[in-house]
Amino acid sequence: MSQNILVTGGAGFIGSHTVVALAESGFNPIIIDDFSNSEPSVLAGLRNILGRDIPCYAQDCNQFSLLRSIIRDHQISGVIHFAAFKAVGESMEEPLAYYRNNLGSLITLIDAMLAEGITNLIFSSSCTVYGNPDNPPVTELTPVKPATSVYGNTKQIGEEIIRDVCAAKPLKAISLRYFNPVGAHPSAEIGELPRGIPNNLVPYVTQTAAGLRKQLTIFGGDYPTTDGTCIRDYIHVMDLAEAHVAALQFSFQQKESVYYDTFNLGSGQGNSVLELVHQFEKISKKPLPYQIGPRREGDVVAVWADVQKSKELLGWSTRRSLEEALRDAWRWQQKFG
Ligand code: WQD
């Protein structure tokens, strides 16, 4: 019988693509999402891709008794925890909301899992824990640096909470450190749905190309990099989704009653902002209006992943190129006209 997996934040960008990957790997995903940063229309997109409705609780995760009853009623055997606020800038303006939501929901979730004897947890972490690394690529042993944002601190503290619980209670957990997720499902049924002005590069690029934004401002052209713009490790969201399935399967294989580890999820290569923009122009077949503006506070100069550990232990590595991710992102954007 296929296993039921609770996906918190499963209507979000990475969560919804992971729901597809889970279902396509024979798991039964169940979503809990309060739609504070996602749209109910995602559920229709999932139905069109998977040919069936995915059960969804339109609820906040910070509810112990609700989580316990969902785990019990659906005989959940593992949890993938995406639900969190994730806007770096907003986190600096509303620190308490970020600590309460991101850490409160994590603690409540683990409490409910332990109360129901569920031992497998996959946690959505971020490469932001590495701060500004001295010598990229970063491995999982690269020192974690003091967070440069409240959002980043909630990811660091979240990892520490899970690590400490795994040392005291029967919990098998994996923290996945994402680099920069981009793209969309090739069907264009689901994709990134930024609210308001996009913080992230790729949705800003596609909205500019679609004429919804006047021009892209590249934040800084005087960095010590090949072309003066920042370098990042962009990973197709479907590759990222499939990594969650690999991590969950790896976690189920752990025979010890306690286990904790972290894995980098990236392509293993760095691309500058300008390289990404020019690659996108080849796909859209038109010049992208942009200007070079001032640096953005808190931006890391260059970070990309060493993904050897994920390859060796999870048997996972990216299969899709940045070009494919940009092509899928553009197809998704064009759906909105
Ligand atoms: C990428 C590059 C910008 C917008 C953030 C979070 C990280 C993770 C991914 C959640 C940078 C430049 C961007 C624009 C630009 N989120 N840029 N003009 O900052 O690497 O990571 O999203 O886990 O935690 O910090 O991603 O897409 O915002 O920026 O020039 O309009 O694009 O300066 O160099 P970032 P990003």
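Hi everyone, let me start with a crossing: helix α1 passes helix α8 in a right-handed way. Keep in mind throughout that this is a predicted model. If you want to find the two helices on your screens, α1 covers residues 13–24 and α8 covers residues 237–253. Their axes come within 8 Å and cross at roughly 60°, which makes α1 oblique to α8.

Which residues of α1 and α8 make the contact? On the α1 side they are F13, I14, H17, T18, V20, A21 and L22. From α8 come V237, M238, L240, A241, E242, H244, V245 and L248. Sorted by class, that contact has 11 nonpolar residues, 3 polar ones and 1 charged one.

Let's stay with α1 and turn to its packing with α2. Here the axes are 11 Å apart and the angle is about 25°, so α1 counts as roughly parallel to α2. This crossing is right-handed. S16, V19, V20, A23 and E24 of α1 meet V42, L46, I49 and L50 of α2. How do the residues of this contact divide by class? There are 7 nonpolar, 1 polar and 1 charged.

Helix α7 is residues 201–209 and helix α9 is residues 273–284. They pack at an angle of about 35°, and their axes lie 11 Å apart. Once again the crossing is right-handed. The α7 residues involved are L201, V202, V205, T206 and A209, and their partners on α9 are V273, L276 and F280. That gives 7 nonpolar residues, 1 polar residue and no charged ones.

While we are on α7, have a look at Y204, which sits in that helix. Setting aside neighbours within four places in sequence, Y204 touches I197, P198, R213, Q215 and L216. Y204 and P194 are 10 residues apart along the chain, and their C-alpha atoms are separated by 9.2 Å.

L201 brings us to the ligand. There are 18 residues around the ligand, and the ones that come nearest are Y151, L201, R232, R296 and D299. Where are the polar atoms? R232 has a polar side-chain atom 2.6 Å from a ligand oxygen. N199 uses its backbone instead: an N or O atom there lies 3.4 Å from an oxygen of the ligand. At T217, a polar backbone atom is 2.9 Å from a nitrogen atom of the ligand.

Last, two backbone details in loops. Most residues other than glycine have a negative phi, and most peptide bonds are trans. F35 is not a glycine, yet its phi is positive, about 55°. You will find F35 in the loop between β2 (28–32) and α2 (41–50). The other one is a cis peptide bond: where is it? It joins P136 and P137, with omega about 10°. P137 belongs to the loop between β5 (120–126) and α6 (150–166).

Notes:
Residues are numbered from 1 along each chain as its sequence is written. This is a predicted model: local features need pLDDT of at least 70, side-chain atom pairs count only at pLDDT 80 or more; totals for chains, interfaces and linings use all residues. Side-chain values use heavy atoms; hydrogens and water are left out. Axes are lines fitted to C-alpha atoms, for helices over the stretch in contact, and angles run from 0 to 180 degrees between N-to-C directions. Helices (H or I, at least four residues) and strands (E, at least two) are DSSP runs, numbered from the N terminus. Angles under 35 degrees count as roughly parallel, over 145 as roughly antiparallel, 65 to 115 as roughly perpendicular and the rest as oblique. A crossing is left-handed if the near helix is turned anticlockwise from the far one by less than a right angle, and right-handed if clockwise. Contact means heavy atoms within 4.5 Å. Ala, Val, Leu, Ile, Met, Phe, Trp, Tyr, Cys and Pro count as nonpolar, Asp, Glu, Lys and Arg as charged, and the others, Gly among them, as polar. A residue is near a molecule or strand if one of its heavy atoms lies within 4 Å of it. A polar contact is a pair of N or O atoms within 3.5 Å; within protein, one must be able to donate a hydrogen and the other to accept it, and residues adjacent in sequence count only if both atoms are side-chain atoms.
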